[in-house]
Amino acid sequence: MPKTSRRVVAWVTTTMDGCTSGPEGPAHDNWLYEHVRHEASAAHFEGIWRGASTVLLGRTNYEGFYSVWPGLTRDPATDPRNRDLGRFLDTVEKVVVSRTLETADWDNSRIARELEAEVKQLRDTPGRDILVLNSASVIQALLRADLIDDLRFVVVPTLLGGGLRLFKEGIPASTWSLAQSTALPDGAIGLHYTRAA
């Protein structure tokens, strides 16, 4: 039986104008926090992260997640679904792509200096999906290297007019097939694309 590679799944939440963060940075992204508070949004995301056994993040997202999630996970007031996500983030293999980060202190974390080599090696090891978690720079680099199998977006009905854009010049042309679309109650749309044959 031929060996099958693990899938690399990029997961990202964007605005309608393609921003993953506004001009003032993640701390001011109320549009995102409003979206993720909805029960349907959490359920949609849960369907994605449960399929992964490795999470790949850039330094900025890693530091942001690490500053928030361990505390939420241990807070008795956190709702059960978010506590489950927090436990997943605590225990899942986390690979942080950074040339500057010195230590990765969150449980089951390690630093990777060379993105392409790391992803190629991960694809050939046993496990479930490799989930690129909302890190625009990592997604851009993997698209340039033709190393993403699935693109999973949630497009939130907001226009920011500027900020960190997911797609920039320099990403090569590619064709994708729509695998699924999901309308969420807050007006957001979940889109799942797979690489076209």
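**Figure 1. Ser 174 in a loop between two strands.** In this predicted model, Ser 174 is found in the loop that runs between strand S8 (164-165) and strand S9 (176-183). Its relative accessibility is 36%, so Ser 174 counts as partly exposed. The view also includes Ser 98, which is 76 residues from Ser 174 in sequence. In space, the C-alpha atoms of Ser 174 and Ser 98 are 26 Å apart.

Figure 2. Leu 142 belongs to helix H6, which spans residues 136-144. With a relative accessibility of 0%, Leu 142 counts as buried. Leaving aside residues up to four places away in sequence, Leu 142 touches Val 8, Leu 56, Leu 115, Val 119, Val 132, Leu 147 and Ile 148. Ile 171 lies 29 residues from Leu 142 in sequence, and their C-alpha atoms are 9.4 Å apart in space.

**Figure 3. The buried residues of helix H5.** Helix H5 covers residues 115-123, and its buried residues are Leu 115, Glu 118, Val 119, Leu 122 and Arg 123. When H5 is seen down its axis, these residues fall within an arc of 130°, so they line one face of the helix. Several elements take part in covering them, including the strands S1 (8-15), S3 (52-58), S4 (93-97), S5 (109-112) and S6 (129-133). Helix H6 (136-144) is also part of this cover.

**Figure 4. The crossing of helices H3 and H4.** Helix H3 consists of residues 59-74 and helix H4 of residues 80-91. Their axes come within 8 Å and cross at roughly 125°. On the side of H3, the residues in contact are Phe 65, Trp 69, Pro 70, Thr 73 and Arg 74. They meet Asn 82, Arg 83, Leu 85, Gly 86, Arg 87, Leu 89 and Asp 90 of H4. Sorted by class, this contact has 5 nonpolar, 3 polar and 4 charged residues.

**Figure 5. The crossing of helices H2 and H4.** The axes of helix H2 (residues 39-49) and H4 come within 10 Å and cross at roughly 30°. Angles under 35 degrees count as roughly parallel, and H2 and H4 are therefore roughly parallel to each other. H2 passes H4 in a left-handed crossing. From H2, the residues Glu 39, Ala 42, Ala 43, Phe 45, Glu 46 and Trp 49 meet Arg 81, Asp 84, Leu 85 and Phe 88 of H4. The contact comprises 6 nonpolar and 4 charged residues, with no polar ones. Leu 85 of H4 takes part here and also in the contact with H3.

Figure 6. His 38 lies in the loop between helix H1 (30-36) and H2. At 35% relative accessibility, His 38 counts as partly exposed. Val 92 is 54 residues away from His 38 in sequence, and the distance between their C-alpha atoms is 24 Å.

**Figure 7. Two loop residues with positive phi.** Asn 134 has a phi near 60°, which is a positive value in a residue other than glycine. Its place is in the loop between S6 and H6. Asn 134 has a relative accessible area of 16% and is buried. Asp 146 likewise has a phi near 60°, again a positive value in a residue other than glycine. Asp 146 is found in the loop between H6 and strand S7 (150-156).

Notes: Residues are numbered from 1 along each chain as its sequence is written. This is a predicted model: local features need pLDDT of at least 70, side-chain atom pairs count only at pLDDT 80 or more; totals for chains, interfaces and linings use all residues. Side-chain values use heavy atoms; hydrogens and water are left out. Axes are lines fitted to C-alpha atoms, for helices over the stretch in contact, and angles run from 0 to 180 degrees between N-to-C directions. Helices (H or I, at least four residues) and strands (E, at least two) are DSSP runs, numbered from the N terminus. Contact means heavy atoms within 4.5 Å. Ala, Val, Leu, Ile, Met, Phe, Trp, Tyr, Cys and Pro count as nonpolar, Asp, Glu, Lys and Arg as charged, and the others, Gly among them, as polar. Buried means under 20% relative accessible area, exposed over 50%, partly exposed in between (1.4 Å probe, protein chains only). The arc is that of the directions from the helix axis to the C-beta atoms. Angles under 35 degrees count as roughly parallel, over 145 as roughly antiparallel, 65 to 115 as roughly perpendicular and the rest as oblique. A crossing is left-handed if the near helix is turned anticlockwise from the far one by less than a right angle, and right-handed if clockwise.
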